[in-house]
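Work through the exercises below with the sequence and the model open side by side. Try each task before reading its solution.

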Amino acid sequence: MGKKVKKEGEPPPKDVLDPLLIESKTAATVVLMLSSPEEEVLAKACDSLYKFASKGDENKATLLALGAVEQLYKLISHEDPTVRRNAIMVFGIMASNYDVKKLLRELDVTNSLISHLVPEEDVVIHEFATLCLAYMAVEYTTKVQIFEQGGLEPLIRLLGSPDPDVQKNSAECIYLLVQDFQSRAAVRELNIIPPLLELLKSEYPEFSDLHVEALAVLGNCLEDVHTLQLIQQSGGLKKLLSFVGDSTIPDIQKNAAKAITKAAYDSENRNILNEEEVEKCLINLLETDNDGVKVAASQAISAMCANSASKRAFGLQGIPQLVQLLSSDNEEVKEAAVTVLVNLTAASPSNASAVAEAEGIEPLLNTLYAQRDGAIANAATVLTNLAMQEPLRVNIQSHGIMSVLAEPLRSTNSQVQSKAAFAVAVFGCDADARTELRKADGLGPLVELLHSKNEEVRRNACWAVMICASDELTAVELCRLGALDILEEINLSISRKNNFSKAALEKLLDNNLSQKYSQMGYLSSNNIITDGFYDCGQIKRGMKFSSLEELSMQALTDRRAIIFINAKPQEEQASPPGEEKAHDSSHEQTILSPSISRKSSREKTRKGKGKKEEEKSKEVIQILSAVQDEINLQNTQWLPPPDLILLNYINDASKTILPLTTTREQVVALAQGIIDAADSGIHWNRFVADKMGGPIERDKLHNFSWELHISEIEFELKCNVVPIGKVKKGTFYHRALLFKAIADRIGIGCSLVRGKYNRAWNEVKLVDDSPQGITGLLLPPREYIVDLMFEPGRLIKEGSVEADQYKHI
């Protein structure tokens, strides 16, 4: 809104030159004229330089190089008002150039410019002096200078100038100054609010830029609690919110929202704004057609959510609008809206339910595909906030969240990685969800996050792995992807390990017992051996752990045989080892064996009698096709052969050992056998030791040719993988494995420990009898090693010399 300078004075006499028309090639001459003693020459030279500088930044640089700035500086305080005015005009227009501003700071022109802001000066001087100050106030050092030289007071006074350009420049300069806390405190004392509110009263559209500047200043002033209190007490805050509500100008609405955002960073300010029902104003701004206003309003709502009353108000009134913004084509709007929902749903079940009721789940899932990392991370956070309520978690899961999360897990942004891993941990507590993530190839990128150098990402990834390792199939896959090795490495590092890394490692191994025993050489009484378990010996760190299927496909070698456990009859094997052992059994899917399927097809065929021949034919074809599909499916899944001998062992133990009254009796009986008087006939039921070749004398242990026996079984099977029921001559590690396999099935708690030189043993905890003469004394349980080789059934106290001999000699 610049003005043309009015010509002053009478027409020049005939002996005076006409007004000069200055071009860039004559600029040097005009600069020289700035040293003229004649006031009229000076005034016209400044006017020509103003026009020249107005043409562009290149011309300003030219004048700077010619030394015009230093000459003009001498003229801004010239006694002639026209010279003074024209010189300040050139200063004002040239100050937009960075190098000119730098020189003006060196010349310390601010003090001189401030001195010209007095009421007696021409309004044009006010306009260009404030313009120059506004350009210079961008720099922090100049802000300090203007403040210290008393520039705030005249600038505030000029907010009441009749000239809109003076008002605008003054407001812009004040806006830059009050970014500093010292200036904010000073403007409160100088009573800036009334003139600012006056600037908002204009109804003329051409004054909208004034409104914007006034709101920008207010935004910085509102950060001060005392200022906001004064505005509220004077009724100014109510007027401000009313003005924003009535305005249809986007820049005004946007700056008003930004002002509220700045104020809302302080808790006392939030209380004041809540008292004035700022929530209604902000919710209305969400419904404008301008994306910038929607973003600014969303940011203000986010800041206000720290006030519990405001959070409730937004939850009741604003959630449907925010959910709608999630489908915006503008990525910035989408990110701003989902950020608000993070704050609204945090620790607020009612707001979380409101998001679901507003049909926000699907838009939130879609936001996980957004282009902005902030939107993706926040969408994951909102979904986890909702998942704190079980019905909502199930609802979200039914929409396939785990498949969607597979992509954010691959992000290179640490915030997205962290929030996605956290979401996997939250939703991975369900077996179906884990299966979904596995099928979506999400476990690979999750394992990669364990390598992250970001502590939060690494911690959340460990947590997610711990949760996902809750079933055997997923645990095996995680191990195959290298999670076990990475976690072991993390736990060796003081700086990288965390609360979840150790737990994740333990959970991973506890649901992949074959690998746990192979690497750790230990299974606790809580580690229950199930069908599909196998012992392939101690594996060295860093070596690949092969699956039972892979080992069974290898050519016959002279290496140690792999001993596996599988007491399940063939027709009951519904899935590969471990699949049916997922902890959440409610979602298991059974694959029928061919024999069952054929029986089912015969029944369906009989039911089809009485129908038309064409219909019966179609039905039979469909049934046969389904049967063949089932057969093909089963044929594609490798299953270990059943070990019916082991199944008989377990059945016999259940019938004869389980009825014994004490754990001690059960342990001894399982090791050596038991006398059975069933059917009026007394006979000896032999168990683990006798199944594996009976007791061995210590000095003849080297003659116990169990290796040859195992080799013969391998040759017979043409395979390195041997079912334990086939082993009739077994040494320490065969017997200890068989003992634990049966003990786990019949409920006897025992551990399995691997030693060196083919040694292995079982440890049990038993309570000793009270000392003689003392009754009612409850003794703590003690650990015993079960002798399965030399004196089967003998219990050796852990820590004793005998125990050491059993382990090592």
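## Overview

The protein has 45 helices and ten strands. The model is a predicted one. Of its 809 residues, 53% count as buried. Among contacts with a separation of 6 or more, 67% join residues 24 or more positions apart.

## Exercise 1: a helix pair

Task: Find the angle at which the axes of α23 and α24 cross, and classify it.

Solution. 
- Locate the helices. Helix α23 covers residues 331-345, and helix α24 covers residues 349-357.
- Take the axes. They come within 8 Å and cross at roughly 135°.
- Classify. Angles over 145 degrees count as roughly antiparallel, and 65 to 115 as roughly perpendicular. The two helices are therefore oblique to each other.
- List the residues that meet. From α23 come Leu341, Leu344 and Thr345; from α24 come Asn351, Ala352 and Val355.

## Exercise 2: salt bridges

Task: Count the salt bridges in the structure. Then examine the pairs Arg745 and Asp531, Lys726 and Glu716, and Asp787 and Arg794.

Solution. 
- Count. The structure holds 26 salt bridges.
- Take Arg745 and Asp531. Their side chains meet with an N to O distance of 2.6 Å. Arg745 belongs to helix α44 (residues 732-746), while Asp531 is in the loop between β1 (522-523) and β2 (534-535), so the bridge ties together parts 214 residues apart in sequence.
- Compare burial with the cut-off. Buried means under 20% relative accessible area. Asp531, at 8%, is buried. Arg745, at 32%, counts as partly exposed.
- Take Lys726 and Glu716. The closest N and O atoms of this salt bridge are 2.8 Å apart. Lys726 is in the loop between β6 (721-723) and α44, and Glu716 is in helix α43 (residues 706-717), so the parts tied together are ten residues apart in sequence.
- Check these partners. Lys726 counts as partly exposed at 29% relative accessibility. Glu716 also counts as partly exposed, at 49%.
- Take Asp787 and Arg794. Their salt bridge has an N to O distance of 3.5 Å. Asp787 is buried, with a relative accessible area of 0%. Arg794 counts as partly exposed at 23%.
- Look for a network. Salt bridges link Asp535, Arg560 and Arg754 in one.

## Exercise 3: a buried arginine

Task: Which side chain of opposite charge is nearest to Arg438, and how far away is it? With which side chain does Arg438 make a polar contact?

Solution. 
- Arg438 lies in helix α30, residues 431-439.
- Find the opposite charge. The nearest is Asp471, 4.2 Å away.
- Apply the cut-off. A salt bridge needs a side-chain nitrogen of Lys or Arg within 4 Å of a carboxyl oxygen of Asp or Glu. Arg438 is buried yet has no salt bridge.
- Find the polar partner. The side chain of Arg438 makes a polar contact with that of Thr474, at 2.8 Å.

## Exercise 4: contacts across the sequence

Task: Which residues does Arg664 touch, leaving out those up to four places away in sequence?

Solution. 
- Arg664 is in helix α41, residues 663-672.
- Check accessibility. At 30%, Arg664 counts as partly exposed.
- List the contacts. Arg664 touches Leu766, Val767, Asp768, Tyr784 and Leu795.
- Arg664 and Gly793 are 129 residues apart in sequence, but 9.8 Å apart in space, C-alpha to C-alpha.

Notes
Residues are numbered from 1 along each chain as its sequence is written. This is a predicted model: local features need pLDDT of at least 70, side-chain atom pairs count only at pLDDT 80 or more; totals for chains, interfaces and linings use all residues. Side-chain values use heavy atoms; hydrogens and water are left out. Helices (H or I, at least four residues) and strands (E, at least two) are DSSP runs, numbered from the N terminus. Buried means under 20% relative accessible area, exposed over 50%, partly exposed in between (1.4 Å probe, protein chains only). Lys and Arg count as positive and Asp and Glu as negative; His and the chain ends are not counted. A polar contact is a pair of N or O atoms within 3.5 Å; within protein, one must be able to donate a hydrogen and the other to accept it, and residues adjacent in sequence count only if both atoms are side-chain atoms. Axes are lines fitted to C-alpha atoms, for helices over the stretch in contact, and angles run from 0 to 180 degrees between N-to-C directions. Angles under 35 degrees count as roughly parallel, over 145 as roughly antiparallel, 65 to 115 as roughly perpendicular and the rest as oblique. Contact means heavy atoms within 4.5 Å.
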